[in-house]
Amino acid sequence: MNERGKSDRRVVPEKSPNKGRERSRSAEGVEERRLAKGNSLGRSSHRTQCRTRLKQALQRVREVAEGDQEVRLTTLWHHVYDIDRLRETYFRLKRDSAAGVDGVTWQQYGRDLEGNLEDLSARLSRGGYRAKPVRRVYIPKPDGRQRPLGVPTLEDKLVQAATTEVLNAVYEADFVGFSYGFRPGRSAHDALNALAVGIGEKRVRWVLDADIRGFFDTIDHAWLMKFVEHRIADQRVLRHIRKWLNAGVLEDGEVKRQEVGTPQGGSVSPLLANIYLHYALDLWGHQWRNRQANGDMILVRYADDFVVGFEHRRDAERFLEDLRDRMRKFGLELHPEKTRLIEFGRFAAKDRKDRGDGPPESFDFLGFTHVCARSRKGGFQLIRRTMKKRMRAKLAGIKMILRERMHAPMRRVGRWLRKVLQGHYEYYAVPGNHSSLEQFRYWVLKCWRQVLRRRSQRSRIIWERFGPLVDRMLPRPRIRHPWPSRALLVSTRGRSPVR
């Protein structure tokens, strides 16, 4: 398994088959019906045993990686082309995702799934697999610009996702605690809660809100492969990562090779981005905090967006200066407009008032505007509100779709808007943001009413009649997330969320 000759092979007992009665209940849920045609007991048991075996195999990899953080693992590729892993990965892919340059969709690939997987596994085993160029598409950003995305072929998605699952078993033992983006078991809300608790409990007076300009498009391939080779010595894994990096992008009928960058949209790109920033930023930032900071310092990173809190302004200014040099060394650059050093935290309001300055500035992070406020008891309270730019962009998209569905039945449009609102609440319904949620719902209703009134010149949809009607269709907002301190107490079990 590893370069130092350590063997992690163990004899794992086969999982005993379940009893027939228990299998029947688990297969059909709570309703104790007969099994449907084709759902044989043997197939269900076999699939469960395969999942157990796959988890045990990655657990052994994880134990080796955690046991020695200097070891370089040499035999990982056989976990990727395991046909059971490829099958499980296939069923986890999005079924309605866009097709790549070959035009093969999830449904088309599944018509002869076993045959396709056997052929893919054989090509991966003997080295006959070839990565195809990604198809370039653009999606609008909230600021009006276009974000480039790469759409890989289905087989590339499949192999990349399987490779990511295997490599996660290695790198989850290495990644630092304040890294939250694109990691299993972690979410944007975990990063938001960690930041809120850090600002509220540490002596934070200054906040550096940083963003890396065009990060995914400026990743240096040479540095990236050096970083990967710190832990991975399996040449087959390294060779396939190079294939994906050098596959190129198909745009306007022409394949363009790229010397830098990794296309957003591939399954392996987020992991490679995390590996790059782990060595370029996280380890350095952790070391800087322990050796050079004179006061409290917190770090929270989600992908290429990160926030750093400081107790002393001098620490913040020195860190920002050193950070620019550090980024430049690895071919990266801080965004000049999105990187700001502001006075923020529990003491900011009093300090600025004593100097005769205005209220503390706010900053944006992961879709929320963070504001210094006061609780009912007069203490400091960090309030997170929906970013106005994000809200305006989302409302513009909803209005455009409503115009396209102007003459559709109201019940059908109401069901769609209900899902839109529920999805919005699911992310933005945090404590202190209820007024923004109500505002968003009000503007959604207003857009819908304006579109309905354009159906006919004689349309008379007054608010007194329209409001009660949509109240039965569209849910009102309610807070769905707990306070940050309570959420982190459960997820971190008392460990520091910003270390």
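Trainee: Is the crossing of H4 and H7 right-handed or left-handed?

Mentor: H4 and H7 cross in the right-handed sense, where right-handed means that the near helix is turned clockwise from the far one by less than a right angle, and left-handed that it is turned anticlockwise. Keep in mind that this is a predicted model, in which local features need pLDDT of at least 70 and side-chain atom pairs count only at pLDDT 80 or more, while totals for chains, interfaces and linings use all residues. Residues are numbered from 1 along each chain as its sequence is written, and side-chain values use heavy atoms, with hydrogens and water left out.

Trainee: At what angle do the axes of H4 and H7 cross?

Mentor: Two packed helices are described by the angle between their axes and the distance between the axes. Here the axes of H4 and H7 cross at roughly 110 degrees and come within 9 Å, the axes being lines fitted to C-alpha atoms over the stretch in contact, with angles from 0 to 180 degrees between N-to-C directions. H4 is therefore roughly perpendicular to H7, a label covering 65 to 115 degrees, whereas under 35 is roughly parallel, over 145 roughly antiparallel and the rest oblique. The helices themselves are DSSP runs (H or I, at least four residues), numbered from the N terminus.

Trainee: Which residues of H4 and H7 make the contact?

Mentor: With contact meaning heavy atoms within 4.5 Å, H4 contributes Arg-85, Leu-86, Thr-89, Tyr-90 and Arg-92, and H7 contributes Leu-154, Leu-158, Ala-161, Ala-162, Glu-165 and Val-166.

Trainee: How does H7 pass H11?

Mentor: H7 passes H11 in a left-handed crossing; the axes of H7 (residues 154-171) and H11 (residues 235-246) come within 12 Å and cross at roughly 135 degrees, and the two helices are therefore oblique to each other. On the H7 side Asp-156, Val-159, Gln-160, Thr-163 and Leu-167 meet Val-237, Ile-241 and Trp-244 of H11.

Trainee: What volume does the largest cavity have?

Mentor: A cavity is a set of points on a 1 Å grid over the protein atoms alone where a 1.4 Å probe fits but cannot get out, and its lining residues have an atom within 4 Å of a point. Grid points are joined across faces, edges and corners, and a volume is the space filled by probe spheres set on the points. The largest cavity has a volume of about 110 Å³; among its 17 lining residues, Val-134, Gln-160, Trp-244, Pro-263 and Ser-269 are the closest to its centre. The elements giving two or more residues to that lining are H7, H11 and H12 (269-291).

Conventions:
1 Å grid on protein atoms, 1.4 Å probe; cavity = no way out; pocket = protein on both sides within 12 Å on 5 of 7 lines; lining within 4 Å.
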